[in-house]
Amino acid sequence: MENEHIRCLIIGSGPAGLTAAIYASRANLGPVLYEGITPGGQLTQTGDVENFPGYPDGVSGIDMMNDLRRQAERFGAEIRFGVATAVDFSRRPFRITIDDSKTIEAESVIIATGATAKYLGLESEQHFRGSGVSACATCDGFFYRGQDVAVVGGGDTACEDAAYLASICRKVYMVVRKPHLRASKAMQSKVAATPNIEILFEHVTAEVLGDQNGVNGLMLIDKDGQRLQIGVTGLFVAVGHTPNTELFRNYLDRDPQGYLRTHPDSTRTNIEGVFAAGDVRDPHFRQAVVAAASGCMAALECERYLLLQQ
Ligand SMILES: Cc1cc2nc3c(=O)[nH]c(=O)nc-3n(C[C@H](O)[C@H](O)[C@H](O)COP(=O)(O)OP(=O)(O)OC[C@H]3O[C@@H](n4cnc5c(N)ncnc54)[C@H](O)[C@@H]3O)c2cc1C
């Protein structure tokens, strides 16, 4: 197997990984970044991004990530196509296998592998992703102001999404599979006290309806098999995220949902020299600007770590 020794390896090419690459290359750490199967990360799978500072007219997710990539390359970051398929953090230098065929020996590692939003798994849901179906109410809710929308899910995130959407949309349906909400009492009370939220308990989404203009309704089925059609222009899926951390499970501390644990106000993990940035360590905010900020933190902490190793 081919071997290569580097100072700083970055795994992941979303806003966290590329921001880490900008800072690490400007600090002469000679970063090598592996992009994974989604070059540019989650934002390349959405339409316009309107809340990232510095783009007053909004920007397409793809253009924004191309900008970030070019910025990192301008300072010498080496960005490569490839997937980290195994890691050995038991000794230094750390060993990371790429595409099962190449081993990188790295003095430090920044993990920025993100989190993957879960969807319901319907063909029609897949068809309308980006034209009415979204997994991020904070990101896309604004596009539906004054309209009727639905949120699927019964946990805290679903309730928070519904409450947020209720403040900008005309009506919000919550489609909940169980006869009750799983959310905290406080969130349940918030939802119950919001007049333009209607909860449809014991309903599941059978099909997302729409045409060339996007989503225009949902076909629901209740526990007795009765069908109910509701008219909505947006469907927000809030059934959770899967942090991409399986690869690290033997070495790094994770929370019960699988997010990497880092020291307070830091991107340091339980292994010195291994840092985590972005959604992979963030069950709360999951926003590009927050991911970018933690990519910056990871690179600065990595720089300090490498300095002390010399
Ligand atoms: C539909 C949707 C719309 C959104 N809209 C907005 C918005 O408008 N504004 C906003 O601020 N946020 C938005 N977000 C959230 C935003 O996309 C995320 O917060 C942000 O992308 C997280 O960045 P990240 O770098 O942590 O991870 P990600 O963007 O998830 O990137 C993870 C990267 O890791 C790589 N990777 C994973 N595993 C491996 C591996 N084994 N080896 C190598 N690479 C690997 C992937 O290929 C990918 O490049 C949206 C999210 C979704 C789902």
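## Ligand shell

Ala, Val, Leu, Ile, Met, Phe, Trp, Tyr, Cys and Pro count here as nonpolar, Asp, Glu, Lys and Arg as charged, and the others, Gly among them, as polar. On that basis, the shell around the ligand in this predicted model holds 15 nonpolar, 14 polar and 4 charged residues. There are 33 residues around the ligand, of which Glu35, Thr38, Asn51, Asp279 and Ala288 come nearest.

At Glu35, a backbone N or O atom lies 2.7 Å from a ligand oxygen. A polar backbone atom of Gly36 is 3.3 Å from a nitrogen atom of the ligand, and a polar backbone atom of Arg286 is 3.2 Å from an oxygen atom of the ligand. The ligand taken alone exposes 1000 Å², and the protein buries 92% of that area. Two or more residues of the shell come from each of the elements α1 (15-26), α4 (137-140) and α7 (288-309).

## Phe94 and its surroundings

Phe94 belongs to strand β7, which spans residues 94-98. Its relative accessible area is 0%, so Phe94 is classed as buried. Leaving aside residues up to four places away in sequence, Phe94 touches Asp88, Phe89, Ile104, Glu105, Ala106, Glu107, Ser108, Val109, Ile271, Glu272, Gly273 and Val274.

## Salt bridges

The whole structure contains 15 salt bridges. In one of them, the side chains of Arg80 and Glu78 meet with an N to O distance of 2.9 Å. Arg80 is buried, at a relative accessible area of 16%, whereas Glu78 is partly exposed, at 41%. Another salt bridge pairs Arg91 with Asp88, with the closest N and O atoms 3.3 Å apart. Here Arg91 is partly exposed, with a relative accessible area of 43%, while Asp88 is buried, at 17%. Asp88 is also one of the residues that Phe94 touches.

What is the accessibility class of Asp224? Asp224 counts as exposed because its relative accessibility is 57%, above the 50% cut-off. Lys223 is likewise exposed, with a relative accessible area of 57%. The side chains of Asp224 and Lys223 form a salt bridge at 3.7 Å, N to O. Elsewhere, salt bridges with shared partners join Glu4, Glu78, Arg80 and Lys102 into one network.

## Backbone geometry

Most residues other than glycine have a negative phi, and most peptide bonds are trans. Several sites in this model depart from that pattern. The peptide bond between Arg92 and Pro93 is cis, with omega at about -10°. Pro93 is located in the loop between β6 (84-88) and β7.

Asn28 is not a glycine, but has a positive phi of about 60°. This residue sits in the loop between α1 and β2 (32-34), and Asn28 is exposed, with a relative accessible area of 64%. Asp100, also a residue other than glycine, has a positive phi near 60°. Asp100 occupies the loop between β7 and β8 (102-111) and counts as exposed at 56% relative accessibility.

Methods: Residues numbered from 1 in each chain as written. Predicted model: local features only at pLDDT ≥ 70, side-chain atom pairs only at ≥ 80, totals over all residues. Heavy atoms only, no water. Near = heavy atom within 4 Å. Polar contact = N/O pair within 3.5 Å; in protein donor to acceptor, adjacent residues only side chain to side chain. Areas by Shrake-Rupley, 256 points an atom, 1.4 Å probe, with all protein chains shown as cover. Helix = DSSP H or I, 4+ residues; strand = E, 2+ residues; numbered from the N terminus. Buried < 20%, exposed > 50% of the residue type's maximum accessible area, 1.4 Å probe, protein only. Contact = heavy atoms within 4.5 Å. Salt bridge = Lys/Arg side-chain N within 4 Å of Asp/Glu carboxyl O.
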